[in-house]
Amino acid sequence: MKGIKKSLTEEYLYLDFSHQIEGCIFPLHTSVTLFLLSYCDCKIFKVCLVPAGEGTDISLKNVVPQDVQVQVISRQELPPIVQNCCLPAAVEKPDNFCRAGLAVVLRHIIQKSYEADPSKKEILELLGFKKTCLKACAEVSQWTRLCELTIPLAIENFLRESSDQHPTIPAEILQLERKLSEPVRVHNDDKLRRQKLKQQKAAGVGPSLAKEKTKSKVPTQETSEELDSSSESLELQVAFSKLTVLEEPATTNREPSHIRKAKASDLPPLEHVFAEGLDFTLADIVLLPCIHHFLVIICKNLSEKLIEFPLLAAWYQRIQEVPRVKTAASQCGIQFLHLPELLATSNEQDSNLREVPAVEEQSDAAFIGGPRPTMTKLMEKGIEVMFSPHPCPTWTLDWNSLPAAVSPKEGKMSSDRALRKQQQLNNLVYVVTNQAKPGDRIVDFCSGGGHVGIVLAHMLPSCQVTLIENKELSLIRAKKRSDELGLSNIWFIQANMEYFTGMFNIGVALHACGVATDMVIERCIKTRASFVTCPCCYGFIQNTSKFNFPKSEQFKKTLSYKEHMILCRFADQTAVQLPPPRRLVGKQCMCLVDLDRAIAAEERGYSVQVISMEPESCSPKNNMIVGVPI
């Protein structure tokens, strides 16, 4: 067929299967993945279901798209690289490149579907504006975390509890309802809000999506003339015009003066049509199976609660009108509900929407800004800037004798930067090669283009090296360099750190940004592995769902969170363009932040050193934290 390309590599898609209830495969990650395959009409992957146990009863009738060929395999039959990852996972032959985790795998399915048939531009548009939908990893993006992790898990728990008389409504559902009530921000925000103001002026009052009839049909050629009618909100006009072959209404006429001169603060906000705003995206695909099964229980057992979710109900009805959604849903066993029209929220729900949980900011009456008072406070408690001696400051790899593909110069960077990267690698490679034993597993976290991992795989052929990176293009470049070298002891995993579950002996990270360094150290401690990390982007450090700062008990007794953040912000002021005295303060703050990390690891049974890399000019971020389990 014209425009359709055949996939050059054979790809397998591995999905968990724990159980099945009323046409829904669990875990929900599997249901979501199958729904996307159906929506994209994707036949590229060979799908393998992996049961939770040997006695798991599997019936796939009416829950798997007919065109998708599925086989059932045991966990022991998974390729070794996949056995080290959470599912879902997609693997190219030969099994050394794996994509793991829901968001990464779904984005890959979309990309491969489009490559196979470039005429399906609407498939690629699922990735959203600038193709960033669910691209940010769940560790740093609250939205990705909500869609990818917390909502599916919360719905699964809710379904388990649904046999109770009064199951608790998941907090994540309330959070999503709040999200849908927030104003939409898009790249042409001002223009659309002025069009909405014009529409509202013409109608006398602005229609609200929350109060609009939930059955908003996609416009057809016969009804397209009605698009300018004030009965249809501007948001719906814009959203659904992108989902049909119709051209958007021409707006060549200049807006009236009172519309053009209206202040931005006086413009009406844009309301959600879909989960991320006006565009139907991957986020809607992920949420649909989850919200559907939530609403099934609500309608069956808790129908009085439905009024608390008018925006969610309107979204659920509206999404059914997107082309191909109903077909895809029916192929996956989703029978859409007919919800009553919800015209307004209850007072109780209005109250719930306003009660947004916030992180309490500790008040500190004695707080004084700037790093010096904080550093003095630490000194008074006997905590000072202190580096361990470098084990071998003059050691260097013989870069000239190594194959060209080993050198960071192959990573498409300037000669000056490549030299500094070589100097950084000298430091990390020396420490790792002196710790590694034959048969060890080494993981290069946040590997980027593989500068560290490729050198280690070449220098340590008896060790297995795994590169873990969230950015696909970086990992593809790394694999290309590895293939040129003919390395057989290296794996590539595109995933967030959370999705790597394998055991290993040494964890390495060169310039892992912000809390990514803390995540690497935490992963190593949980595995009782040694770690060699070079932190970066101290200014991005902040409390997260997993970490609170300061980390060590010793620092917690001395500094507040606010004071520790002062150290982190000033630790980023080490650029060569800054005056030497300012760089010195930045270096001292860097050391204190890393000292807190080191002491925290020591409190959990590690021997840790904070070392300054040699030469210090190799990078403004030249600290190295080396930890070995005692």
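**Close-up views of the predicted model**

**View 1. Phe492 is buried, with a relative accessible area of 0%.** Buried here means under 20% relative accessible area, exposed means over 50%, and partly exposed is in between, using a 1.4 Å probe and protein chains only. This is a predicted model, so local features need pLDDT of at least 70 and side-chain atom pairs pLDDT 80 or more, while totals for chains, interfaces and linings use all residues. Residues are numbered from 1 along each chain as its sequence is written, and side-chain values use heavy atoms, with hydrogens and water left out. Phe97 is buried too, at 2%.

View 2. Rings of Phe, Tyr and Trp (the six-membered one for Trp) pair if their centres lie within 6.5 Å; planes under 30 degrees apart are stacked, over 60 edge-to-face, and the rest tilted. Phe97 and Phe492 are stacked, because their ring centres sit 6.2 Å apart with the planes at 20°. Phe97 belongs to strand β7 (97-100) and Phe492 to β10, so this pair ties together parts 395 residues apart in sequence. Helices (H or I, at least four residues) and strands (E, at least two) are DSSP runs, numbered from the N terminus. Phe445 and Phe500 make an edge-to-face pair, 6.4 Å centre to centre with 80° between the planes. Phe445 is in strand β8 and Phe500 in the loop between β10 and β11, 55 residues apart. Both of these residues, Phe445 and Phe500, are buried.

**View 3. An open sheet of 12 strands runs β5-β4-β1-β6-β7-β10-β9-β8-β11-β12-β14-β13, with mixed pairing.** Two strands pair if DSSP finds at least two bridges between them. At the edges stand β5 (70-72) and β13 (606-612), each with a single partner strand, so one side of each has no neighbour in the sheet. Direction ignored, neighbouring strands are turned by 20° against each other on average. β8 (441-445) and β11 (506-513) pair in the parallel sense over 3 bridges, and Ile442 has Ile506 of β11 as its bridge partner.

**View 4. Helix α16 (451-459) lies across β8, β9 (464-469), β10 (490-494) and β11.** α16 runs at about 170° to β9. Axes are lines fitted to C-alpha atoms, for helices over the stretch in contact, with angles from 0 to 180 degrees between N-to-C directions; contact means heavy atoms within 4.5 Å. Helix α21 (580-602) packs on the sheet as well, touching β12 (530-536), β13 and β14 (623-629), at about 165° to β13.

**View 5. Tyr39 and Trp315 have the most contacts inside the largest nonpolar core, which has 83 residues.** Such a core is a set of buried Ala, Val, Leu, Ile, Met, Phe, Trp, Tyr and Cys residues joined through side-chain atoms within 4.5 Å. Helix α10 (282-301) gives the most to this core, with 13 residues. Beyond four places in sequence, Trp315 touches residues including Leu180, Val273, Phe274 and Leu287. Another core lies apart from this one, with 63 residues, among them Val520, Phe555, Leu559 and Val610. Ring pairs link Tyr39, Phe274 and Phe280 into a cluster.

**View 6. Gln71 is found in strand β5.** Gln71 counts as partly exposed because its relative accessibility is 40%. Setting aside neighbours within four places in sequence, Gln71 is in contact with Tyr12, Val47, Cys48 and Leu49.
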